[in-house]
Every structure is written in structure tokens, then in C-alpha cells.
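Trainee: Could you walk me through this structure, please? I have not worked with it before.
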Amino acid sequence: MSALPAFFHDYQTRVASELGRVLPATGGRVERAMAYTALAPSKQVRAVLVMLCAELCRGGADRAVPVAAAIELVHASSLVLDDLPAMDDAPLRRGRRANHLEFDEATAILAAFGLLNLAYGVVAQAYPPPLAARMSALIAEAVGPSGLIGGQSLDLEATDHAITFEALERIHRGKTGALFVAAAACGALTAGAPGETIAALQAYAKNLGLAFQIVDDLLDVAGTTADTGKAVRADARKTTFVSFSGVDGARQLAAELCETADRALAPFGARADRLRELSAFVAARRL
């Protein structure tokens with residue numbers, strides 16, 4: 001197993017604290033379902049990416065914490081929806097029963113939309129209107145037809161059908177990669193970064209996100225439920241990067257994408273070393 005970079009713990013602690021603050025402290029079934037997924041143990045890679053990009057751009061990680069938490073809320077929302085019977089019909093997530101099994105399908109749907117709307121509210125309350133509007137637009141694009149929703153739709157259409165490598169890449173640049181790109185851009189925006197800096201970090205995140213998905217495909221084939229916290233061998237009815245390229249080919253592709261991601265960091269020199277550590281972790285990930 002590959003360990004998370006040592007610096008992750010501090011960032012995770014800050015995000016977890018913010019999530020605990022913004023999620024409803026008390027409430028009914030829907031509120032409990034929201035917290036069930038959002039507060040479950042996770043790596044929080046996307047949230048940490050937000051804060052790393054903020055710091056790289058000479059901003060403060062603390063200023064980036066609210067939008068990092070918002071990105072994590074969006075991701076949690078997508079997990080609840082992905083696991084539904086009408087989607088991937090998954091029994092486990094983050095080492096726990098899927099939200100719709102722990103509660104019920106209707107509650108899970110409401111919880112997913114609750115998490116998504118809470119994310120926009122967190123951004124709106126934490127930042128001045130022009131910055132909040134710009135970050136909200138980035139998140140909305142990442143969630144929408146060109147991002148998570150579009151990727152999931154294409155993924156469902158591809159079930160039980162052979163697809164091209166280009167179609168497979170398009171699915172996962174939307175379903176997985178889009179939120180990585182939004183995370184990097186939002187982190188940079190909290191530091192007031194210029195356009196060329198944001199573009200470089202988006203290029204990094206675009207390739208990192210796709211590599212992350214490829215490794216997920218590898219773990220589905222070679223991992224265990226204890227390692228991944230979710231059901232494995234669950235993608236047998238879909239074309240994956242492993243079914244397309246084989247285990248060795250998929251592992252090599254993930255490594256190449258991480259190398260491409262790192263090349264986008266060249267203008268930043270040693271200031272980007274933590275982002276390079278992150279891509280090295282993704283390339284070597286075994287959990």
C-alpha cells in the first residue's frame with residue numbers, strides 16, 4: 001500500500017473541522033444522511049488540492065478552507081448519486097454501507113441535493129460576491145453536462161457496450177477529472193492568481209484527475225474491499241482503462257499522465273513540490 005504524503009494530515013484536519021461546522025449539527029433523517037457520507041473517513045484529495053494550489057499561489061490555506069470543504073461536499077454528493085440502484089447500484093462506500101442502504105433511496109437523493117446546495121452556500125457566505133460568483137461558476141461547470149453529470153450519463157450509456165478509448169477518456173475527464181480542475185482553479189483564485197497561473201494548475205489537475213481514475217480502475221481489478229472501502233470487481237459490465245489497456249498498460253498510462261501533470265508545474269520550481277508529491281502518490285496508489 002502507498003501512504004498518503006505526510007503533509008496531508010494537517011490539511012485533512014482543517015477540512016474535517018470546516019465540514020463539521022457547516023453541516024447541520026442536528027436535524028432529521030436527511031441531515032443525518034448528509035453527514036453520513038460527507039464526514040465518512042476519506043483521503044480528501046480534491047480538498048487538499050484546493051489548499052495546495054492556494055499556497056502555491058502565495059495565498060493562505062486557511063482562506064481556501066471553505067471552498068475546499070465545498071469541493072468535498074460536491075464530491076460527497078456525487079458519491080451518493082453514483083451508488084444509487086439506478087446508477088452503479090453499489091453496496092459500499094468509504095468502508096460503510098452505501099447511503100441509500102443505510103437510510104433509503106429517497107433520503108439518499110435528498111441528501112445528495114442537500115450536500116450540493118450546501119456547497120454553493122458555503123462559497124457564497126465565505127467569500128466576497130465577485131470571487132464567490134466566479135468559484136460557483138467553476139463548480140457548476142464541473143458538476144454539469146460537461147462535467148460530472150455528463151460523464152455519468154455517458155458512463156451509463158456505455159454499460160454493456162464496447163466503446164473507444166476516446167469515449168472512455170471523455171467519460172472520465174467529466175466524471176472524475178472536472179472536479180479536480182475546478183478544485184485547482186478555486187484554490188488559485190482564493191490567492192488572486194493571474195490567468196496564466198490558473199491555466200497551468202488546471203492543466204496539472206486535468207491530467208492528475210484522469211490518472212486518479214485509472215488507478216481506481218486498477219484497484220477495482222486488483223484491490224480488496226478492505227483496501228478500497230467499496231465493492232471491487234464492480235465494473236465488469238463496463239469498458240475501463242484496465243480492460244482496454246491491461247493492468248500493466250493502465251499502470252503505465254497513469255504514470256505518464258502524472259508525469260505530464262508535473263510538467264505543467266515547471267514554472268513554479270520548488271514551490272510546487274507538494275503537488276509533485278501528490279502526483280507521485282496518485283501514480284503509486286494501492287489504496
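Trainee: In which hand does α10 pass α12 in their crossing?

Mentor: α10 passes α12 in a left-handed crossing. A crossing is left-handed if the near helix is turned anticlockwise from the far one by less than a right angle, and right-handed if clockwise. Please note that this is a predicted model, in which local features need pLDDT of at least 70, side-chain atom pairs count only at pLDDT 80 or more, and totals for chains, interfaces and linings use all residues. Residues are numbered from 1 along each chain as its sequence is written, and side-chain values use heavy atoms, with hydrogens and water left out.

Trainee: At roughly what angle do the axes of α10 and α12 cross?

Mentor: The axes of helix α10 (residues 195-222) and helix α12 (residues 241-263) cross at roughly 150° and come within 8 Å. α10 is therefore roughly antiparallel to α12. Axes are lines fitted to C-alpha atoms, for helices over the stretch in contact, and angles run from 0 to 180 degrees between N-to-C directions. Angles over 145 degrees count as roughly antiparallel, under 35 as roughly parallel, 65 to 115 as roughly perpendicular and the rest as oblique. Helices are DSSP runs of H or I with at least four residues, strands are runs of E with at least two, and both are numbered from the N terminus.

Trainee: Which residues make the contact?

Mentor: Among them are Tyr204, Leu208 and Ile214 of α10, and Phe241, Ala250 and Leu257 of α12. By class, the contact of α10 with α12 has 17 nonpolar, three polar and three charged residues. Contact means heavy atoms within 4.5 Å. Ala, Val, Leu, Ile, Met, Phe, Trp, Tyr, Cys and Pro count as nonpolar, Asp, Glu, Lys and Arg as charged, and the others, Gly among them, as polar.

Trainee: And the largest nonpolar core: which residues touch the most other members?

Mentor: Of its 100 residues, those are Leu49, Leu73, Leu201, Tyr204, Ile214, Leu275 and Leu278. A nonpolar core is a set of buried Ala, Val, Leu, Ile, Met, Phe, Trp, Tyr and Cys residues joined through side-chain atoms within 4.5 Å. Buried means under 20% relative accessible area, exposed over 50%, and partly exposed in between (1.4 Å probe, protein chains only).

Trainee: Where does Leu278 lie?

Mentor: Leu278 lies in helix α13 (residues 273-284). Leu278 counts as buried because its relative accessibility is 0%. Leaving aside neighbours within four places in sequence, Leu278 is in contact with Phe8, Val45, Leu49, Leu52, Tyr204 and Leu208.

Trainee: Switching to α9: is His172 buried or exposed?

Mentor: His172, which lies in helix α9, counts as buried at 6% relative accessibility. Not counting residues up to four places away in sequence, His172 touches Gly177, Leu210, Gln213 and Phe241.

Trainee: And what does Thr190 touch?

Mentor: Thr190 is found in helix α9 (residues 165-190) and is buried, at 7% relative accessibility. Beyond four places in sequence, Thr190 touches Ala54, Arg63, Ala64, Val67, Tyr127, Leu131 and Met135.

Trainee: What about the loops: where is Arg58?

Mentor: Arg58 is in the loop between α3 (45-56) and α4 (61-82). Its phi is near 65°, a positive value in a residue other than glycine, and Arg58 is exposed, with a relative accessible area of 67%.

Trainee: And Arg94, buried or exposed?

Mentor: Arg94 is buried, with a relative accessible area of 16%. Arg94 is found in the loop between β1 (92-93) and β2 (96-97), and its phi is near 55°, a positive value in a residue other than glycine.
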